[in-house]
Amino acid sequence: MRIGAHVDAADPLAEATSRAAEAAQFFLADPQGWKAPTPRTDADRLRAADIDLYVHAPYVINVATLNNRIRIPSRKLLVSHAAAAAAVNARGLVVHGGHVNAGDDISVGFDNWRKTFAYAAESGGFPLPVLIENTAGGDNACARRLDSLARLWDVIGDYGVGFCLDTCHAHAGGEELLGLVDRVKAITGRIDLVHANNSKDGFGSGRDRHDNLHGGTIESDLLVAVIRAADAPVIVETPGGVDGQGADITFLREQLGGEAASA
């Protein structure tokens with residue numbers, strides 16, 4: 001099990017080394033902006049690295065929405081980030097599940113996801129796995145609760161899409177962590193990446209605020225059990241920079257070397 005952290009994009013390899021991480025996740029452009037990524041000058045170094053790389057797509061992307069002025073640019077931006085992520089030999093591109101506005105038919109949102117993969121197929125398909133991440137809030141979200149996730153997978157599952165499980169998002173989104181891995185895999189058949197985060201806020205709060213693994217409102221041994229059961233690469237998106245994330249990575253390595261627990 002490879003364990004790493006979300007790091008600053010300026011020099012992901014150095015950031016990973018400073019945390020003794022085996023994996024690194026980073027952005028390729030402003031996460032709150034609409035600009036497409038530009039080629040990286042360190043692309044050769046990134047491709048040759050023995051650190052597993054993951055790219056997180058910008059937060060502004062929402063391919064589910066019925067708003068054409070957001071959905072169409074979102075599709076294009078997702079495709080451009082996938083190409084840029086593949087250019088640095090990333091193992092996956094993480095993107096939030098998106099949502100529709102209040103009063104809109106969420107089934108159209110699910111179909112808009114299908115159209116996104118069809119749009120990408122027109123240019124040869126995505127060049128690396130797209131990992132849809134569960135989200136913490138929103139009553140009209142496509143991947144907050146597992147019942148919605150099941151409806152989404154019914155529409156896009158045949159495209160080989162991957163799944164990223166965020167523990168903070170699940171807890172804040174109102175999904176019990178006990179038994180969660182089995183429930184997710186019954187829907188998606190897979191978990192490709194785990195975002196291992198504690199939650200500053202309580203169960204079902206709908207608030208996306210990460211905490212370190214020993215902080216927050218989730219018991220750390222429950223987090224470890226979920227991560228062990230998922231049996232996938234792990235990225236901590238926790239606060240504290242080198243020290244905070246480094247401590248979380250060390251803790252996970254120590255705990256995951258023990259006897260398996262059920263989750």
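This is a predicted model: local features need pLDDT of at least 70, side-chain atom pairs count only at pLDDT 80 or more; totals for chains, interfaces and linings use all residues.
Is Thr-167 buried or exposed?

View 1. Residues are numbered from 1 along each chain as its sequence is written, and side-chain values use heavy atoms, with hydrogens and water left out. Thr-167 is buried, its relative accessible area being 0%, where buried means under 20% relative accessible area, exposed over 50%, and partly exposed in between, for a 1.4 Å probe and protein chains only. Thr-167 belongs to helix H6, residues 167-173; helices (H or I, at least four residues) and strands (E, at least two) are DSSP runs, numbered from the N terminus. Leaving aside residues up to four places away in sequence, Thr-167 touches Leu-177, Val-194, His-195, Ala-196, Asn-197, Ile-218, Leu-223 and Val-226, contact being heavy atoms within 4.5 Å.

View 2. Phe-117 lies in helix H4 and is buried, with a relative accessible area of 6%. Not counting residues up to four places away in sequence, Phe-117 touches Phe-126, Val-130, Ile-156, Tyr-159 and Val-161. Val-79 stands 38 residues from Phe-117 in sequence, and the two are 9.5 Å apart in space, C-alpha to C-alpha. Asp-111 and Lys-115 are separated by about one helical turn, because they are 4 residues apart in helix H4, residues 106-121. Asp-111 counts as partly exposed at 26% relative accessibility, and Lys-115 counts as partly exposed at 36%.

**View 3. Salt bridges elsewhere in the structure.** The structure holds 16 salt bridges, among them a pair formed by the side chains of Asp-11 and Arg-45 at 3.6 Å, N to O. This pair links distant parts of the chain, since Asp-11 is in the loop between E1 and helix H1 (12-18) and Arg-45 is in helix H2 (residues 43-48), 34 residues apart. Asp-11 is partly exposed at 28% relative accessibility, and Arg-45 is partly exposed with a relative accessible area of 44%. Arg-2, Asp-52 and Arg-91 are linked in a network of salt bridges.

View 4. A search of the whole structure finds 1 cavity of 30 Å³ or more, and the largest cavity has a volume of about 40 Å³. On a 1 Å grid over the protein atoms alone, a cavity is a set of points where a 1.4 Å probe fits but cannot get out, and a pocket is an open set with protein on both sides within 12 Å along at least five of seven lines, lining residues having an atom within 4 Å of a point. Grid points are joined across faces, edges and corners, and a volume is the space filled by probe spheres set on the points. The lining of the largest cavity includes Asn-134, Arg-144, Leu-146 and Phe-163. Strand E6 (162-166) and helix H7 (180-188) are the elements that give two or more residues to this lining. Arg-144 also meets Asp-139 in a salt bridge of 3.9 Å, N to O; Arg-144 counts as buried at 14% relative accessibility, whereas Asp-139 is exposed at 75%.

**View 5. The largest pocket.** About 260 Å³ of space lies in the largest pocket. Of the 15 residues that line this pocket, His-96, Gly-98, His-99, Thr-135 and Gly-137 lie nearest its centre.

View 6. The 16 residues of helix H9 (residues 241-256) should span 22 Å at 1.5 Å a residue, and the end C-alpha atoms are 22 Å apart, which agrees; the expected span is 1.5 Å times one less than the number of residues. Buried residues of H9 include Gly-244, Asp-248 and Phe-251, and the buried residues of this helix pack against strand E1 (3-6), helix H8 (220-230) and strand E10 (234-236).

Terms used:
A salt bridge is a side-chain nitrogen of Lys or Arg within 4 Å of a carboxyl oxygen of Asp or Glu.
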